[in-house]
Amino acid sequence: MTSARRPSPHDGIPHSSAEDLYAMFVGCTLLVLGLVFLKAAGLVTGGIAGIALLVSYLVPLPPGVLFTIINLPFFAFAWKVMGARFTLRSIAVNAGIALFSAIRPYAFEVGTVHPLFAALVGGTVIGMGILSLARHDAAVGGTGVLTLWLQRERGWNAGRTQIALDVVILALAIPVVSGQQLGWSILSAAAISGILIAWHRPGRYTGY
């Protein structure tokens with residue numbers, strides 16, 4: 001007679017619905033906070049956040065609201081390759097980002113922030129927000145959907161893939177920001193990707 005297999009510490013333990021909701025709340029608030037720091041310093045960054053920041057310097061809308069608007073076409077791709085559950089959670093995340101961004105001026109303002117602080121802290125905070133969402137089967141959409149899909153299907157590290165996409169996005173910012181701001185923006189994109197490279201590897205995290 002064979003005995004039942006003992007649970008392994010490497011077995012995945014599903015998150016509860018309450019944990020998922022809390023992680024999505026944390027992810028949304030961190031993303032909005034990071035965008036506020038970068039916007040206050042006149043910087044851009046990589047990913048969909050960088051595109052939203054770049055457009056925010058050209059049109060009078062908050063980056064968080066633009067973040068959601070720009071993401072709309074990406075949801076069709078997410079539905080096809082990542083499934084309905086992932087896509088619906090990502091839509092909910094974007095709605096949360098737009099909401100928090102809209103009410104943020106009533107909660108606090110950031111007047112002056114050194115670009116080094118904005119780049120490092122803003123980028124790191126955005127990276128942690130993305131990580132919080134990814135570990136609970138959600139994403140901010142945009143390039144994040146593509147990198148997570150490539151990691152799942154091809155084994156490509158999400159952080160390294162994001163770096164390649166960030167190069168393209170930052171190149172588009174050259175006519176909009178100064179050379180110094182572009183340098184700080186590159187640092188912010190590196191901070192975001194550094195979080196994903198260090199902490200979002202296949203097999204490193206067993207919860208789902």
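## The second largest pocket

Helix α1 gives the most to the lining of the second largest pocket, with five residues. The model described here is a predicted one. In this model the second largest pocket has a volume of about 190 Å³. Its lining consists of Val 32, Leu 35, Val 36, Lys 39, Ala 40, Pro 62, Pro 63, Gly 64, Ser 101, Arg 104, Glu 109 and Val 110. Two or more of these residues are supplied by each of α1 (17-40), α3 (63-71) and α5 (84-107).

Sorted by class, the lining of the second largest pocket comprises seven nonpolar, two polar and three charged residues.

## The cavity

How many cavities of 30 Å³ or more does the structure hold? There is one cavity of 30 Å³ or more. The space in the largest cavity amounts to about 180 Å³. It is lined by 19 residues, of which Ile 130, Val 140, Thr 143, Gly 144 and Gln 162 are the closest to its centre.

Several helices take part in this lining: at least two residues come from each of α2 (47-56), α6 (115-134), α7 (143-154), α8 (158-172) and α9 (179-199). The largest share, four residues, belongs to α7. In terms of class, the lining of the largest cavity has twelve nonpolar residues, six polar residues and one charged residue.

## Helices α1 and α6

Two packed helices are described by the angle between their axes and the distance between the axes. For α1 and α6, the axes come within 8 Å and cross at roughly 160 degrees. Angles over 145 degrees count as roughly antiparallel, and α1 is therefore roughly antiparallel to α6. The crossing of α1 past α6 is left-handed.

On the α1 side, the residues that meet α6 are Ala 23, Met 24, Val 26, Gly 27, Leu 30, Leu 31, Leu 33, Gly 34, Leu 35, Phe 37 and Leu 38. Their counterparts in α6 are Phe 117, Ala 118, Ala 119, Val 121, Gly 122, Val 125, Ile 126, Met 128, Gly 129, Ile 130, Ser 132 and Leu 133. The contact of α1 with α6 is formed by 18 nonpolar and five polar residues, with no charged residue. Among the residues named here, Leu 35 also lines the second largest pocket, while Ile 130 is one of the residues closest to the centre of the largest cavity.

## Helices α2 and α3

The axes of α2 and α3 lie 8 Å apart, and the two helices pack at an angle of about 120 degrees. They are therefore oblique to each other. Their crossing is right-handed. From α2, the contact takes Ile 48, Ala 49, Ile 51, Ala 52, Leu 53, Val 55 and Ser 56, and from α3 it takes Pro 63, Leu 66, Phe 67, Ile 70 and Asn 71. By class, the residues of the contact of α2 with α3 are ten nonpolar and two polar, with no charged residue.

Ile 70 and Ala 52 are separated by 18 residues in sequence, and the distance between them from C-alpha to C-alpha is 7.2 Å.

## Helices α4 and α7

Helix α4 spans residues 74-82, and its axis comes within 10 Å of the axis of α7, with a crossing angle of roughly 15 degrees. Angles under 35 degrees count as roughly parallel, so α4 is roughly parallel to α7. The crossing of α4 and α7 is left-handed.

Phe 74, Phe 77, Ala 78, Val 81 and Met 82 of α4 make the contact with Thr 143, Val 145, Leu 146, Leu 148, Trp 149 and Arg 152 of α7. Nine residues of the contact of α4 with α7 are nonpolar, one is polar and one is charged. Thr 143 is also among the residues closest to the centre of the largest cavity.

Conventions
Residues are numbered from 1 along each chain as its sequence is written. This is a predicted model: local features need pLDDT of at least 70, side-chain atom pairs count only at pLDDT 80 or more; totals for chains, interfaces and linings use all residues. Side-chain values use heavy atoms; hydrogens and water are left out. On a 1 Å grid over the protein atoms alone, a cavity is a set of points where a 1.4 Å probe fits but cannot get out, and a pocket is an open set with protein on both sides within 12 Å along at least five of seven lines; lining residues have an atom within 4 Å of a point. Grid points are joined across faces, edges and corners, and a volume is the space filled by probe spheres set on the points. Ala, Val, Leu, Ile, Met, Phe, Trp, Tyr, Cys and Pro count as nonpolar, Asp, Glu, Lys and Arg as charged, and the others, Gly among them, as polar. Axes are lines fitted to C-alpha atoms, for helices over the stretch in contact, and angles run from 0 to 180 degrees between N-to-C directions. Angles under 35 degrees count as roughly parallel, over 145 as roughly antiparallel, 65 to 115 as roughly perpendicular and the rest as oblique. A crossing is left-handed if the near helix is turned anticlockwise from the far one by less than a right angle, and right-handed if clockwise. Contact means heavy atoms within 4.5 Å.
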